[in-house]
Amino acid sequence: MSSISSLAGGAAFIGGALFGGGKNVPQSRTFGIDAFAAELGKGGTAKPYLFSVIITPPPKLKLAFQETQAALQLRIEKVSMPRRAIATFDNTQFHGPERKIAYGVTYSNINLEIILSENMIEREYFMRWQDAMFANDSPAGGSEFGGHRRGEGSLYDSAYFDSYTGFIEILQYAESPAFQGVQSRQGLIDTIIGTAQAIGFNTSAITNPFGINLGIGSEKKRNVKPCYTIKLQEAYPISISDVQLDWGGSDSAKLNVEMQFTYITEMHSGAKDPKNQGGLASLVRNGINTLNAFRPAISLIKNNGLGGALNAGGNASLNSASAGTRGLFSF
């Protein structure tokens, strides 16, 4: 009987945790439908189709395939964010349970699925890239990126590693405007007005004289930026797949390319740099940096008034303040 009571109590606890009810559920563990919907409404969900891939090949290849290079970003329809794993070794030297000690990281290669154009120039692009890995008379490897495919050079003489590696950027975008970058307050006048408002000046006489909105200081330029950027360093195509040809087929031909790389760097627009999280000292330092960024513009406004500051748009110190302020508030 006691086991049945325990089971019922456990079910009530779990049910309360899932649906936000139950008097025995701690507040921190409440999982109500309203809270769940609010969280999804606030943070949204990542959309796997909101991405783009930018490939930067070796300089010589980029120069030879400028048009193809620009079009590739529109033809890569599938890619995966690379897997990262921690490499460990077993430590059995001490008394107690065995420990796995981390000593490095390993990455998995990525695959690009590319929609081929009618002349299949994308396949030639990556084949030429591979040709550059074999040295002959050219210091960059390959003979005009023809190499052994054209009876030139040697398949067994490798080029210098740096001569055939590039990098790949995988850019993930957000659907919600809250996570998209909006570049605002473009231009010197907008910067001066923003600075004046920040220190308490009433700018309505200039931006809205006699109740007429002149649009000064209100223009915002939409500039959508990626929320997550992954950069694959020292990348090159290690494998180019076959392309299936079929008289009975009607779908577009596609090419799969496996890219090898050495390491990755990542940048998330919402992540804070741990080095800048220094408590009171960091707060004071950031405050000083902010004041220094505003100092030239504030001095100009106080000495000349807002109208005089706007008229002094060509002054070198004002331009410097404008650049500093825009850099401070850009995101």
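Colleague: How many helices and strands does the chain have?
Modeller: The model is predicted, so local features need pLDDT of at least 70, side-chain atom pairs count only at pLDDT 80 or more, and totals for chains, interfaces and linings use all residues. Residues are numbered from 1 along each chain as its sequence is written, and side-chain values use heavy atoms, leaving out hydrogens and water. Helices (H or I, at least four residues) and strands (E, at least two) are DSSP runs, numbered from the N terminus. The chain has 10 helices and 11 strands.

Colleague: Is Thr56 buried or exposed?
Modeller: Thr56 lies in strand β1, residues 51-56. Buried means under 20% relative accessible area, exposed over 50%, and partly exposed in between (1.4 Å probe, protein chains only). At 17%, Thr56 counts as buried.

Colleague: Which residue meets Glu122 in a salt bridge?
Modeller: A salt bridge puts a side-chain nitrogen of Lys or Arg within 4 Å of a carboxyl oxygen of Asp or Glu. Here the N to O distance is 3.5 Å. Glu122 is buried at 3% relative accessible area. Its partner is Arg75.

Colleague: How many residues apart in sequence are the parts that Glu77 and Lys254 tie together?
Modeller: The side chains of Glu77 and Lys254 meet in a salt bridge at 2.6 Å, N to O. Glu77 lies in strand β2 and Lys254 in strand β10, so the pair ties together parts whose separation in sequence is 177 residues.
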